[in-house]
Amino acid sequence: MKVTIDGKEIDVPKGTTILQAARMIGAEVAPPAMCYYSKLKSSGGYCRTCIVKVTKGSTANPTPMPKPVASCRTEVMDGMVVENFTSPEIVEARKGIVEFLLINHPLDCPVCDQAGECKLQDLGYEHGLAESRYEFERREFDMIDIGDKVKLHMNRCILCYRCVKVADQLTDGRVHGVINRGDASEISTYIEQVIDNEFSGNVIDVCPVGALTDKTFRFKQRVWFTKPVDAHRNCPTCSGKVRLWIKGEDVLRVTARKDQWDEVEEFICNACRYDHKKKSDWEIEGPSPVNRHSVISQNQYAHLNQQKLEQLKHQSALGFMKIDKKP
Amino acid sequence: MQLTTRSKVVSNKQLSFAERIYLPALLKGMFITLSHLFKKKVTILYPEVKREHAPVYRGQHVLKRDENGAERCTSCGMCAVACPAEAITMESGERKKGEEHLYREEKYAAKYEINMLRCIFCGLCEEACPKEAIFLTDRIVPTEFEREDFIYGKDKLVELVDKRVDVSKRQTPEVLAFKKLEGMRHNVLYTKKLTTKSESKS
């Protein structure tokens, strides 16, 4: 099936959603997504951040769709034409969505451990929204400890349901879900029962905001002062492929590796995440790729040197004289 | 070959008698020295006398407390990441129950250090601070004998409750106008909410 997104055409198999097709083309057309997670079944459709405009339904029926559609839940049709960033209407609508997401968000980024790798922060920044027109009291909850390793800040939650899907699909026996409805909805465990499952720690990684955070990393260090490196170990329960966040000689935090869509590559077990916080436990592969525009790349000199080297190589390919060649 | 236009021709001209005895030139020099005794001095006797600073002079830092005496800093790290000299380091702590009067928010700086030898007093930390906690003041960092003494911890940086440091001179009309922006409103709301909460508690 041929689909055109922002003027770029791609051939995709039947049953692909617009969001997946856009991600196949590349980051320049892919709409942002707060709730959709390709590794979790039936995720998506809650946050509406990924809305796009369909200007031509298909070759068979070229009528445009009457209103913006959630691209994570809409399948492509042959000959569909989609506008994302090229449509000012969509950019404006998405700005409204961001404002909606920020209605109840406490904006406590200076305190939050997620700051620096928070998707909501990125989204707000991209749309120039540091403010809110909302005049009423924000909803407030008390902090809850879900087990001894995970902290739940319900105030920051945007109700994306990703953690619920993780608890549903990765762990057996559902103990974690959303209670109440509408403004009062709240992530909760079954009568505050502790989630004890080998993969329960993954709810931290899938959370796009700072609602679920690692208690072993709580207030230890800002993420941009730690250095991410890829490492692995022989783990009997999971793949053992993780990302270590290092400061000096200390491993401050262990997370799963994330790809360019900020999605976990392979879910890791709790033993890897919480119990192996020594450099000697791991075989370090090398520095993780960090987006140049991310605050995490701040002060990562090795990373910058690598870029400079690449640039120099490129220059020499353009016909500059080699450095070691004497005239 | 002429290399420069500023070359001087050296002459072997015989000195006159007045020039040969050197006395007139000597007296002329002495007169200049003497005349300086009666001119206005360019130096001042620091630290007894202090020169007046510009209102926005950037000297030694201060970590401010809020109206209730709680520390404003939440150890968010924005100052450290903005610092071009990498002079600021910090460690965070979690506020316990009963410490609400000491720290404004649930996270606080357990350790906060500025290396005054590294600091270039550019004021970017002050600009980056989202909590209006750090300010540069018109105080001058005193000299020390040891390098370690220039690493200022919280004991030297945080202002005393009964001896506040005045930073109102730094609030220029431009700064105040910026704070009145609609986008900064949530900060005002936040402090208002905090004060009403503490009032209702007491």
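**Chain B, then the sheets of chain A**

Modeller: In chain B, take the contacts between residues at least 6 apart in sequence: 75% of them join residues at least 24 apart. Two residues are in contact if their C-beta atoms, placed from the backbone, lie within 7 Å. This is a predicted model, in which local features need pLDDT of at least 70 and side-chain atom pairs count only at pLDDT 80 or more, while totals for chains, interfaces and linings use all residues. Residues are numbered from 1 along each chain as its sequence is written, and chains are lettered from A and ligands numbered from 1 in the order in which they are written.

Chain B holds seven helices and five strands. Helices (H or I, at least four residues) and strands (E, at least two) are DSSP runs, numbered from the N terminus. Along the sequence, the pattern of chain B reads α-α-β-α-β-β-α-β-β-α-α-α. Of its 202 residues, 17% count as buried. Buried means that 20 or more other C-beta atoms lie within 10 Å of the residue's own; exposed means 12 or fewer, partly exposed means in between, and C-beta atoms are placed from the backbone.

Now the close look, at Glu126(B). Glu126(B) sits in helix H4 of chain B, residues 124-128. Because Glu126(B) has 19 C-beta neighbours inside 10 Å, it counts as partly exposed. Beyond its neighbours within four places in sequence, Glu126(B) contacts Ile134(B), Phe135(B) and Leu136(B). Pro173(B) is 47 residues from Glu126(B) along the chain, and their C-alpha atoms are 17 Å apart.

Helix H2 of chain B covers residues 23-37. From first C-alpha to last, its 15 residues reach 22 Å, close to the 21 Å expected at 1.5 Å a residue. The expected span is 1.5 Å times one less than the number of residues. H2(B) is hardly covered: its count of buried residues is zero.

Chain A comes next. Its secondary structure comes to seven helices and 14 strands. Of its 327 residues, 35% are buried. Among its contacts with a separation of 6 or more, 61% join residues 24 or more positions apart.

Domain 2 and domain 3 of chain A each give ten residues to their contact. On the domain 2 side, helix H5 of chain A (202-206) gives the most, with three residues. By class, that side of domain 2 of chain A has three nonpolar, three polar and four charged residues. Here Ala, Val, Leu, Ile, Met, Phe, Trp, Tyr, Cys and Pro count as nonpolar, Asp, Glu, Lys and Arg as charged, and the others, Gly among them, as polar.

Now the sheets. Five strands of chain A form an open, mixed sheet in the order E2-E1-E5-E3-E4. Two strands pair if DSSP finds at least two bridges between them. The edge strands, E2 (8-11) and E4 (69-70) of chain A, each pair on one side only. Strand E3 of chain A (51-56) joins strand E5 of chain A (80-83) by three bridges, antiparallel. Opposite Lys56(A) stands Val81(A) in E5(A). Helix H2 of chain A (88-101) lies across E3 and E5 of chain A, at about 155° to E3(A). Axes are lines fitted to C-alpha atoms, for helices over the stretch in contact, and angles run from 0 to 180 degrees between N-to-C directions.

A further open sheet has three strands of chain A, antiparallel, in the order E6-E7-E10. Strands E6 (144-146) and E10 (212-214) of chain A have a single partner strand each, so one side of each lacks a neighbour in the sheet. On average, neighbouring strands of this sheet are turned by 35° against each other, direction ignored. Strand E7 of chain A (150-152) and E10(A) share three antiparallel bridges. Val150(A) has Asp214(A) in E10(A) as its bridge partner.

Finally, strands E11 (227-232) and E12 (241-247) of chain A pair antiparallel over six bridges. In E12(A), Lys241(A) faces His232(A) across the pairing. E12(A) is also joined by six antiparallel bridges to strand E13 of chain A (250-256). There Arg243(A) stands opposite Thr255(A). E12(A) and E13(A) make a hairpin with two residues between them. In its turn, Gly248(A) has a positive phi of about 65°.
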